[in-house]
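Please read the points below with the structure open beside you.

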Amino acid sequence: MGSPSPSQLADTATSSGFEYIFPAIRGVQAGREFYVSMCPLRLIPKIFLFDEDELAPEVRAQRVLNKGRLPALTRYIVDNPDDYVFSALTASVDGEMHFEGISDSGVGMRAGQIRIPMAARFLINDGQHRRAAIEQALKENPDLGEETIAVVFFHDSGLARCQQMFADLNRHAVRPPRSIGVLYDHRDDLAIIARLLAMRCPVFKGHVEMESSTLAQRSRKLFTLSSVYYATQSLLQGLEIKKEKAQELAEHFWEAVDEVIPEWDLVRRRELAAAEVRKDYIHTHGIALHAIGRIGNTLLRSSEAPKVWKPKLIRLKSVDWTRTNTDWEGRALIGGRVSKSHQNLTLTVNYLRQHMKLRLSPEEQRVEDAYLRGDA
């Protein structure tokens, strides 16, 4: 028995009038049969339903759809039609599933097609945001409808089982460190710039942790790739310049910063240990780099010419970056530990602006006033 091609699937599903027919491979997990198939994207919004948003959490099998995630997911598909990648959807089928193998013995027993009544209800256990993004992307580019996505079908064994499936599927999900995301991202121009800085810029070369977004206590690295990324993102924010010029500008800026923070050079000269510098100073931490990047953005907006902004960076020499400097407590530090919150970043930026005699923005002034009143 031959299986229908993916391009014929939607037509087969809608023309039968009684059932959907999916090419499938049969598997077994925990004693339960499940089926893996390929489904045309144009069929996804039509048959896969969301759990009702208005239901209370205890009677739903899914979390409420976070619509804020959809624009980025949708743009990812639409903007990368030749190389987007989506993992499989997982769905429970509230209805009968009848599997027909292509033979009665051997490997053919596991390959064939499943028949599912059109009256059956398909509930997504994993992938509801991918499903919603696919629906939006099809509105912008209907040609995507003939492409396929893998779908894993389980038989719906009731609410408790569906809820358990959701919990199990997400139990061990771990978001990869931001650093490795930057390392492997070839679409984001800023990620490319950050990688090149880490690999080529004398300030960072050999001293950037490329995978993890945290540094082990004994690490010989000074920075993480994610901190270089966010700091450079702040540095170049809003500057209308080409990628090549941005790369050059960023490298010149960080080299200028290096000249006013002597500890970085001492580590490169092996006169200080990286672990010792990270322990005693805050200027290698993400919050400090991010704040320096924001300060740099102010200088670059006034003039991209190094002869104009570079002399102003000399004022950073007056900053006491040591952890023992009590001015950092409540700004970059909370209880002696580095804090990465947005408020603490702003307070750190404010401190640097004051040393450099730069004006605070209205929002920065509001945060500063609250801090001085003891409200922060």
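**Notes on the predicted model**

1. The buried residues of helix 4 are Gln-128, His-129, Arg-130, Arg-131, Ala-132, Ala-133, Ile-134, Ala-137 and Leu-138. The model is a predicted one.

2. The length of helix 4 can be checked. Helix 4 covers residues 128–140, and its 13 residues should span 18 Å at 1.5 Å a residue. The C-alpha atoms at its ends are 19 Å apart, which agrees.

3. Two packed helices are described by the angle between their axes and the distance between the axes. Helix 3 (residues 70–79) packs against helix 4 at an angle of about 55 degrees, and the axes are 8 Å apart. The two helices, helix 3 and helix 4, are therefore oblique to each other. The crossing of helix 3 past helix 4 is right-handed.

4. On the helix 3 side, the contact is made by Leu-70, Leu-73, Thr-74, Arg-75, Ile-77 and Val-78. Helix 4 contributes His-129, Arg-130, Ala-132, Ala-133, Ile-134, Gln-136, Ala-137 and Glu-140. Sorted by class, this contact has 8 nonpolar, 3 polar and 3 charged residues.

5. Ala-30 lies in the loop between strand 1 (19–29) and strand 2 (32–40). Its phi is near 50 degrees, a positive value in a residue other than glycine. Is Ala-30 buried or exposed? Ala-30 counts as exposed, because its relative accessibility is 72% and the cut-off for exposed is over 50%.

6. Arg-270 lies in the loop between helix 10 (262–268) and helix 11 (274–280). Arg-270 is not a glycine, yet has a positive phi of about 65 degrees. With a relative accessible area of 79%, Arg-270 is exposed.

How values were computed: Residues numbered from 1 in each chain as written. Predicted model: local features only at pLDDT ≥ 70, side-chain atom pairs only at ≥ 80, totals over all residues. Heavy atoms only, no water. Helix = DSSP H or I, 4+ residues; strand = E, 2+ residues; numbered from the N terminus. Expected span 1.5 Å × (residues − 1). Buried < 20%, exposed > 50% of the residue type's maximum accessible area, 1.4 Å probe, protein only. Axes fitted to C-alpha atoms, helices over the stretch in contact; angles between N-to-C directions. Parallel < 35°, antiparallel > 145°, perpendicular 65-115°, else oblique. Left-handed = near helix turned anticlockwise from the far one by under 90°. Contact = heavy atoms within 4.5 Å. Nonpolar A, V, L, I, M, F, W, Y, C, P; charged D, E, K, R; others polar.
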